[in-house]
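The structure comes first, followed by the notes.

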Amino acid sequence: MNSDDVIQLIFCVESTENAATDKWYIKEVLNYYFNLKENKISYVFMGGKYNYNNQLTINKINKLTKEYQVTGSGKTYVIYVFDKDQNNQDSRDNQFEKDVKMYCKKQGYKLIWFVKTVEEVMWGSKIKKQFKKDKALDFIRKNQIKNVKKKNLEAHENVNSPCKSNILTVLNGFRQIK
């Protein structure tokens, strides 16, 4: 296999490693829509969206990239994954979207949005915090990905519609997993 045929995708997700619910939903999308072959999928758990550019997150990305350079032969791509909460209660949300877009563009990273949350996109409704882990496990066990409308996962880059994401739009850009 040519080194251009194998890649590492690093998904930087909002959740903590303990919760890992974002990872589970992304993994279901990857397994349902793509042929991962020998490509490596890795995750960085940021423990909150505002940690996207802190040193711990950067160190985790760098560590995974360096480890892959030793064992893999392809390129590494970093993909940030965020909920677009559209929450006016936190003044930081107003500037967050602009800042993260600029950061990802500057770093050469891809950006996936879920409006308003990954759960709302996958289930079609809001899930209370205390039930998120159980619902994510149900999603996997019951193969719920087959019930998610594909068009809800194929939104454009600046997605703002409720229960929509650009995850397939972004991932379809990687020929190595098609």
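The charged end of lysine 84 sits over the ring of tryptophan 113, 5.0 Å from its centre; such a contact needs NZ of Lys or CZ of Arg within 6 Å of the ring centre and within 35 degrees of the ring normal. This is a predicted model, in which local features need pLDDT of at least 70, side-chain atom pairs count only at pLDDT 80 or more, and totals for chains, interfaces and linings use all residues. Residues are numbered from 1 along each chain as its sequence is written, and side-chain values use heavy atoms, without hydrogens and water.

**Rings**
- Lysine 49 lies over the face of phenylalanine 96, 4.9 Å from the ring centre.
- The whole structure holds 17 aromatic pairs (Phe, Tyr or six-membered Trp rings with centres within 6.5 Å; planes under 30 degrees apart are stacked, over 60 edge-to-face, the rest tilted).
- Phenylalanine 82 and tryptophan 113 form a tilted pair, at 5.8 Å centre to centre and 40° between the planes.
- Phenylalanine 82 is in strand β3 and tryptophan 113 in strand β4, so this pair ties together parts 31 residues apart in sequence (strands are DSSP runs of E, at least two residues, numbered from the N terminus).
- Phenylalanine 82 counts as buried at 0% relative accessibility (buried is under 20% relative accessible area, exposed over 50%, partly exposed in between; 1.4 Å probe, protein chains only).

**Sheet**
- Five strands form an open sheet in the order β2-β1-β3-β4-β5, with mixed pairing (pairing needs at least two DSSP bridges).

**Cysteines**
- Zero disulfides are found (cysteine sulfur atoms within 2.5 Å).

Note on methods: Helices (H or I, at least four residues) and strands (E, at least two) are DSSP runs, numbered from the N terminus.
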